[in-house]
Amino acid sequence: MTGADNQPSLRARLRSLRPDAFGADPAGARMERIRRSPNFADGVFQNPEGARTRPSGSMIEFAKGYFRKEERARRSPLGTVPVHATTLADLSAPPATGLRLTWMGHSSVLTEIDGRRVLFDPVWGDRCSPFDFAGPKRLHPVPLPLAALGPVDVIVISHDHYDHLDLPTIKTLAGTDTVFAVPLGVGAHLERWGVPLDRIHELDWNETAHIAGISLTATPARHFCGRGLRNQQHTLWASWAVAGPEHRVYHSGDTGYFSGFKEIGAEHGPFDATMIQVGAYSEYWPDIHMTPAEGVRAHLDLQGGRPHGALLPIHWGTFNLAPHPWSEPGEWMKDAAEEAGQAVAFPQPGEPFEPAGEIPSDAWWRAVSAPIARPWRSAEAADPAPVQREEVDLAGER
């Protein structure tokens, strides 16, 4: 028998799919509430501004570049990604300024704000996929075990894509006393995975939950949703504005650039820190993810450029989700922020920092990546013209 004969068949692997990986569709009273939402029309949730949730352009051209060997190599680090060895000592003493952020990779951020601990989009799993054997795999380990984080007051979820809502992570957290703040409809997944209903705060856009002395408001975003093979658009996506007695922070979740950032900033800002999605962008889906230039523009719109405020780039460096080179979001964000005169934080995964203190600025990714060959594109050139050709659904893939 050969080694190949010992490998499980595709059919056997499919049978090993985690049976509840897709979560649950909203039903009953939850679905009735969804139907009453002002953001739900024609049977689906709607974006604040029109957005194509499928790639524009020739998918043949996209596939040729995406699967080319040399292109695949550019989308991964050349060596071991440096990870800060986060310790209990790093997180046990309260932040001197009252606000501390610890980027755990991708969009996962532990935010310590005015004596409370908020964990955004925790993903501790090895793959962002419904399968154990396929799908985007981590490019660096998590900085510390989930149990080592200590007590968390609130877990905030931006939307239900696999790289933001992770089944094994949620199942672990379901066994704690932590409460969840999630967009409308996402509570169905959490209940399926063992989170009691009384620990779930499920919000529509512009609704606020008051938990442990802080307020958490679900704010609009320009994206989409879905975990299953059928994307019913019955779960909402959101960004989040969180305010304590002294500080305010913003987490973008996944979003394309849109004019609503200015309204969010006027209503909930100014912010002491913004956590902005700047990776996994592409000319094939320009409406649902932001480039670094657009991320800086969003930060300014949100009134994130206040004194001692900082922009933390998220949604890059951990998973391979787009055609761009692995280190490109870091390089281009560094250029865009300098061009705009904005403070931007570049911590290694797991490295805590206080926005009002010394901000990590070392370009750590350069030691493990090839130089970026393409020149920096200015903000004005960051919005590629769409090519209207065939479309393929991306639901649940990013």
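**The six-stranded sheet**

Modeller: Six strands make up an open sheet, with mixed pairing and the order β9-β10-β11-β12-β13-β14. Its edge strands, each pairing on one side only, are β9 (208–211) and β14 (310–314). On average, neighbouring strands of this sheet are turned by 15° against each other, direction ignored; the axes behind that angle are lines fitted to C-alpha atoms. Strands here are DSSP runs (E, at least two residues), numbered from the N terminus, while helices are runs of H or I with at least four residues. Two strands pair if DSSP finds at least two bridges between them.

This is a predicted model, so local features need pLDDT of at least 70 and side-chain atom pairs count only at pLDDT 80 or more, whereas totals for chains, interfaces and linings use all residues. Residues are numbered from 1 along each chain as its sequence is written, and side-chain values use heavy atoms, with hydrogens and water left out.

Four bridges link β9 to strand β10 (residues 214–219) in the antiparallel sense. Within that pairing, His-210 has Ser-215 in β10 as its bridge partner. In general, strands of a sheet pair through backbone hydrogen bonds, either parallel or antiparallel.

As for the setting, the chain has eleven helices and 15 strands. Of its 398 residues, 58% count as buried, that is, under 20% relative accessible area with a 1.4 Å probe, protein chains only.

How values were computed:
Axes fitted to C-alpha atoms, helices over the stretch in contact; angles between N-to-C directions. Buried < 20%, exposed > 50% of the residue type's maximum accessible area, 1.4 Å probe, protein only.
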